[in-house]
2 protein chains.
Amino acid sequence: MTFESVVSEVRDRVVPQPEEREALERVVADLTARAEAAIEDLPVEADTRLVGSTARGTWLAGDRDIDLFVRFSPDLAREDLERYGLAVGHEVVPEGHEEFAEHPYVKGEYRGFDVDCVPCYAVDDAANIRSAVDRTPFHTAYLEGRIDSLADDVRLAKAFLGAVGAYGSDLRTKGFSGFLTELLVVEYGGFRELLEAAADWNPPIHLDPEDHGTKSFDDPLVVIDPTDPERNVAAVCSPHNVGRLIHYAREMLADPRIELFDPRDPDPLSANDIRDHVAGRGTAPVAVRFETPDIVEDQLYPQLDKSLSGIGGALERAGFAPLRSARFAEETAVLFVECGVARLPAVERHDGPPVGVRSHAEGFYDAYDDDESVTGPFIDDDGRYVVERPREARTPAELVESKLFEVSLGPHVESALEDDYDLLAGRDIGELAEEFGTELASYFDPRP
Amino acid sequence: MTFESVVSEVRDRVVPQPEEREALERVVADLTARAEAAIEDLPVEADTRLVGSTARGTWLAGDRDIDLFVRFSPDLAREDLERYGLAVGHEVVPEGHEEFAEHPYVKGEYRGFDVDCVPCYAVDDAANIRSAVDRTPFHTAYLEGRIDSLADDVRLAKAFLGAVGAYGSDLRTKGFSGFLTELLVVEYGGFRELLEAAADWNPPIHLDPEDHGTKSFDDPLVVIDPTDPERNVAAVCSPHNVGRLIHYAREMLADPRIELFDPRDPDPLSANDIRDHVAGRGTAPVAVRFETPDIVEDQLYPQLDKSLSGIGGALERAGFAPLRSARFAEETAVLFVECGVARLPAVERHDGPPVGVRSHAEGFYDAYDDDESVTGPFIDDDGRYVVERPREARTPAELVESKLFEVSLGPHVESALEDDYDLLAGRDIGELAEEFGTELASYFDPRP
């Protein structure tokens, strides 16, 4: 297939039909009218702004998300903004419930759409925002006029990034946000042009559409926010996901095919499949499983990542040579580390001071001289005292058991572990199939 | 016991009785006369010099070594020096045979003594020597007058260093030479004074009796040769042996006892003892055994050390986590490495280039994309391509088998291994008991 024939087929999937557009427009008009009516009942001024992909005409066919912002004067006290914002929100989305990002806001279903009604401050410049949501209307304003003819290319780019697992600026994915995707398509002038550029990226990549950046960043992809010279729109984008765009851009250009737009959906592994994979690889996996803390994903995943890194680091330092690791979360959460070493000796080397550092050296020697449990003290090739002492943890599971609460854990993960946890190793790893068979299928057959 | 009572008892052991001195003096007079007679038959001039501990009166009771040097004019061609030197040597030691250090010389037994008759150049200054042996007469001359009253203290120091395993500048021991021991006793003014100083040493230690040193050295102990400002007399002394002197000096001062002058002589381990030690430690030893190359020890041990370091390094890099290692040589030579990891996974991580380095990255990806034997390519957290490929060597023995001739080996060791070798691992390590039971007893119960 040619690039154009693939793109044409995908375009039919992702560009909404006129009926869908009209339905959306009707609902937006209805929501806006309800919001304006509610604002009239308030003792303060406010207006509304439709933001996000529905405002910019870049939503994917079938998406049902509408973001309606209610903008208040920057002179309004924060508690009043929150109170009035929620009042409007409940009028706009009668079935909605309150959620909390930087402000509380109302979220709920309305005539088949998922609606967020969010209060913000109508600041005069994106550099003066009070909280991150205040910036969103500026993004929408910036893209107005720049994106119209490229809306379908943006849809292709979002579908492509979504299929390869790199779309979404949530802290589980650490990928490309909608706004970032839009900026990139605008910057390069189209979907194909973005792929051609990305295929040649050698990070760090630095883009500054308004040529006004004032700070430097240590990220693999830097796209200076056109509405804020101090902000990298791609700050959350991981090296892995930047690499994914580069890789799949090359794939799509070299061998255009429709499957590159199909999200990966592997068959889940059974318990036996998992055990077979582990046996074939000859590794020593260990997993900590516990009840998933009841916090939003953008809190949960950073805590899981931090905890996984703590446990992996402890296993590495102890000599269990982790090969790879992963974290999964549904009802339970799992920190999974696949070790290269299943068993270490009964003894471990413990280095003391150089013999010449007299007071330390004598202290070390005297501490171990009569200790029947150690080998030595002897002097090594560098002139240090050394003993070989009994090792506390000879297996990855013993190590995790003994060090779990000494490593750096996310606070809610730590509380959950204090409540209860299971430690799985060896054949017991098969038990993870029930909840995470699909995740482990991807783990054991990883793609770029 | 007090320090003085211990030393007094040891002195009785190590100071020769008058009969022994007289017997030695008679033999030296005889050898010198024979050498002078032989010199008279030569067409060139020469004289003799008694050197070493017999010349300096610091030999240990029972030692039977006499070093007689024959000094020729520096104008003599090297081949003539060698020819005349051997001629004199054969006259002096009729039963002797030729050996080769820097020059050939004659070595043999004469009236119950081990005699070396060595030719050298009678240079006017130690700085102008042609070979290392030319320096020896200068050392003897330097110590004359300085050492007389300290001869017995030197004997104590030599006996002490010998008992703790740190005496001898041969390249197996890498310890303190006789001359170095003499200089240290002279420098500090006695045996006890040396111990008191050494107990406080914090290497690097720098001594320069003539205060004329012109070079800097990277050794733990630096004693500038009083006859050569550019030479460190202690260059061969290892950090381990310097540490030993420091350690045992403290022991002798804190708790004086006669056993510190008794060389360690452990009972040899049986094959079962060795297997029990390995099982108790839970380690994975591997040993390469081969016929000992027929070269002098000062060539053999550096080659064994280099080869052991090569093999240990390969095991370390492969992930087998060596704990300790050792080399032994009798009829056969053994390179022994005790690993911490007995078995590694069937797969090993193989890092490719960052995805962004396009031509390398594409080459790597294409090389592995259709390779059924690998997992991946995937992209890691740093944005690099990675594959997990089958590991060649899963055990220490497999690793040594596959890499033995890729590591840096001594040349004669390499030839011997090319002829034949045994690879021992697991329970087979017990086989080493037959030849190296004593060495392994020290290995498994190491002392400072």
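Predicted model: local features only at pLDDT ≥ 70, side-chain atom pairs only at ≥ 80, totals over all residues.
Start with the two chains, A and B. Two copies of a chain are related by a rotation about an axis and a shift along it. Here the rotation is 180° and the shift along the axis is 0.1 Å. This move superposes chain A on chain B with an RMSD of 0.2 Å. That is the relation of a two-fold axis. To find the axis in chain A, look for Val341(A). Its C-alpha is the nearest to the axis in that chain, at 3.5 Å.

Now look at the contact itself. Chain A gives 50 residues to it, and chain B gives 50 residues. Between them, the chains bury about 3700 Å². Carbon and sulfur atoms account for 56% of that area. Eight salt bridges are found between chain A and chain B. One of the salt bridges joins Glu388(A) to Arg281(B). The closest N and O atoms of that pair are 2.7 Å apart.

Next come the sheets. Strands of a sheet pair through backbone hydrogen bonds, either parallel or antiparallel. Chain B has an open sheet of five strands. Read across it, and the order is S1-S2-S5-S4-S3. The pairing in this sheet is mixed. Which strands of chain B stand at the edges? They are S1, residues 46-51, and S3, residues 97-100. Each has a single partner strand, so one side of each is left without a neighbour in the sheet. From one strand to the next, the twist averages 30°.

A helix lies against this sheet. Helix H5 of chain B, residues 136-143, packs on the sheet. H5 touches S1, S2 (65-72) and S5 (113-121) of chain B. The direction of H5 makes about 60° with that of S1(B).

Follow the chain from S3(B) into S4(B). These two strands form a hairpin, with three residues between them. They run antiparallel and are joined by four bridges. Phe100(B) stands opposite Pro104(B), which belongs to S4(B). Is S4(B) mostly covered or mostly open? It is mostly covered, with five of its seven residues buried.

S4(B), residues 104-110, is joined to S5(B) by five bridges, and the two strands run antiparallel. Tyr110(B) has Phe113(B) in S5(B) as its bridge partner. This hairpin has two residues between its strands. In it, Arg111(B) takes a positive phi near 50°.

Further along chain B, meet S6, S7 and S8. S6(B), residues 205-207, pairs with S7(B) in the parallel sense over three bridges. In this pair, His206(B) stands opposite Val222(B) in S7(B). S7(B) and S8(B) run antiparallel and are joined by two bridges. Ile224(B) has Asn232(B) in S8(B) as its bridge partner. S7(B) and S8(B) also form a hairpin, with two residues between them. Why is S7(B) described as largely enclosed by the rest of the structure? Five of its five residues, 221-225, are buried, so the strand is largely enclosed.

Finally, turn to chain A. An open sheet of three strands there has the order S6-S7-S8, with mixed pairing. The edge strands are S6(A), residues 205-207, and S8(A), residues 228-232. Each of them pairs on one side only. On average, neighbouring strands of this sheet are turned by 20° against each other, direction ignored. S6(A) and S7(A) pair in the parallel sense over three bridges. His206(A) stands opposite Val222(A) in S7(A). Helix H7 of chain A, residues 178-188, packs on the sheet. H7 touches S6 and S7 of chain A. Its direction makes about 90° with that of S7(A).

Terms used. Residues numbered from 1 in each chain as written. Chains lettered and ligands numbered in written order. Heavy atoms only, no water. Least-squares fit on C-alpha atoms with pLDDT ≥ 70 in both. Pairing = 2+ DSSP bridges. Axes fitted to C-alpha atoms, helices over the stretch in contact; angles between N-to-C directions. Contact = heavy atoms within 4.5 Å. Buried < 20%, exposed > 50% of the residue type's maximum accessible area, 1.4 Å probe, protein only. Buried area = accessible area lost by both parts, 1.4 Å probe. Salt bridge = Lys/Arg side-chain N within 4 Å of Asp/Glu carboxyl O.
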